[in-house]
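Let's take a walk through a protein structure together.

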Amino acid sequence: ARQAIDKAREAIRGGGEAPALSAIVGDAEEILAERDRAHLSAVINATGVLLHTNLGRSPLGDAQLAAIAKVSKGYSNLEFDLQTGKRGSRYQHAARAVAEATGAEDAVVVNNNAAAVLLVLAALCAGREVIISRGELVEIGGEFRIPDVMKAAGVRLAEIGTTNRTHIADYERAITPDTAAILKVHPSNYRVVGFASSVAAREVARLARGRGLLFLHDLGSGLLDASSDATWARDEPTVRAALEEGADLVTFSGDKLLGGPQAGVIAGRAQLIGRLMGHPLLRALRVDKMTLAALEATLSAHADGSLSDLPLWRMAGADQGELEGRAKSVALEVGERLGAGFKVEAVPSEAVLGGGAAPGREIPSWAVAVSHGERSGPELERAMRRADPPVVPRVTDDRILLDLRTVPADLDGTLVKVCCEVLG
């Protein structure tokens, strides 16, 4: 109220007319609405980007949320061994599930994949050189880059090859008595095509083992194992394969293709995991009970073959015909209720995984396209974004597209309501 009154006073000081009381009240209501929009809140993702980093990446399902509620409503055995009655380790809860899912000897979980890489390098390679191909010096979003993470970990970067081509001989020539490890980074958020080549992980592993070096493989996107049904993840490297190919440690994210909470998972040789467990950085990077509970539930879904319980996998595998039917139904209802001036139609669309996973891979989808003769696409997008609940579409050809692959079917009614109330 004070802010609205101050705004009115400024207008008067500037030579304007005193606003009516109703106008001041309206300004106060708008200020309150802006404050509500600034809070962390749920939104409807109609962009068609399944792992939208700005919208929280992978959503969680009922089993994952139930696991979180179970350990957070009261107390838990987070760091208490119920068998011995003595202090336990929070990391043991997820370690066994990760090992079973990947074939690793042991595992440890930290708060994201960048933290996983940081811990591995700091604990095992600090003060020495780490070899990496120039074609794998990725930027992981928000201008955080692999070279910066390596520098923060206290290792010296030894770049080899070129942006588009690296050969096994480049690795061989770069090895010195000061080399601690070879780091291979999967370029999960871009793809180099054309005159390009890289060295297979198995070859790098053989070289590292022969020279007594560590071979560290950062997969990032975190596909556990190949699935014949997951055509949308075809050609993505898997954690199990990376370990079988000879990686000493593999790092990956929990909230990408795994379909779980934000976390960084480190899986591999038990002796190396033991060294990570004793490093002081682990305390700063540790995860809480809610993350561990959600991660365990996620890994259980993979182990049980119930991947449709994970929202990411359910959205990615949604039937194209079902999406088309939903789009036509929503478009028909919105078009009838909005009336003249609007053009509303169901159109084929292309969804993407996003979030630094499977770059260039598009998933056929269906969307509701809305345009207006006198209102621009960005204007319509702004109105939807400022709704309650906020709906985030994408703008194409001066119209908004509401891609239904990233909208749960039970929110179709809400989508119709928002479109009609906000745009109309």
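A couple of ground rules come before the tour. This is a predicted model, where local features need pLDDT of at least 70, side-chain atom pairs count only at pLDDT 80 or more, and totals for chains, interfaces and linings use all residues. Residues are numbered from 1 along each chain as its sequence is written, and side-chain values use heavy atoms, with hydrogens and water left out.

Start with the big picture. The C-alpha trace of the protein chain spans about 80 × 50 × 50 Å along its principal axes. You'll find 16 helices and 13 strands in the chain; these are DSSP runs (helices are H or I with at least four residues, strands are E with at least two), numbered from the N terminus. Of the 424 residues, 47% are buried, and buried means under 20% relative accessible area, worked out with a 1.4 Å probe and protein chains only. Now think about contacts, meaning heavy atoms within 4.5 Å. Among the contacts with a separation of 6 or more, 74% are between residues 24 or more positions apart.

Next, look for the seven-stranded sheet. This open sheet has the strand order β2-β8-β7-β6-β5-β3-β4, with mixed pairing; two strands count as paired if DSSP finds at least two bridges between them. Strands β2 and β4 (156-160) sit at the edges with a single partner strand each, so one side of each is left without a neighbour in the sheet. From one strand to the next, the twist averages 25°. Inside the sheet, β7 (residues 249-253) and β8 pair in the antiparallel sense over five bridges, and F252 has V265 in β8 as its bridge partner. Helix α5 (residues 113-125) packs on this sheet, touching β2, β3, β5, β6, β7 and β8, and its direction makes about 155° with that of β7. For angles like this, axes are lines fitted to C-alpha atoms (for helices, over the stretch in contact), and the angle runs from 0 to 180 degrees between N-to-C directions.

Which residues of helix α4 (residues 92-102) are buried? They are H93, A94, A95, V98, A99, A101 and T102. The cover over them includes β2 (106-110), α9 (239-244), β8 (264-268) and α12 (289-304).

Three bridges join β12 to β13 (residues 399-403), and R394 stands opposite L401 in β13.

Last stop: V392, which lies in strand β11 (residues 391-392). Is V392 buried or exposed? V392 is buried, with a relative accessible area of 15%. Leaving out residues up to four places away in sequence, V392 touches V43, I44, N45, A46, T47 and L55. Although V392 and A46 are 346 residues apart along the chain, their C-alpha atoms are separated by 5.5 Å.

Terms used:
Buried means under 20% relative accessible area, exposed over 50%, partly exposed in between (1.4 Å probe, protein chains only).
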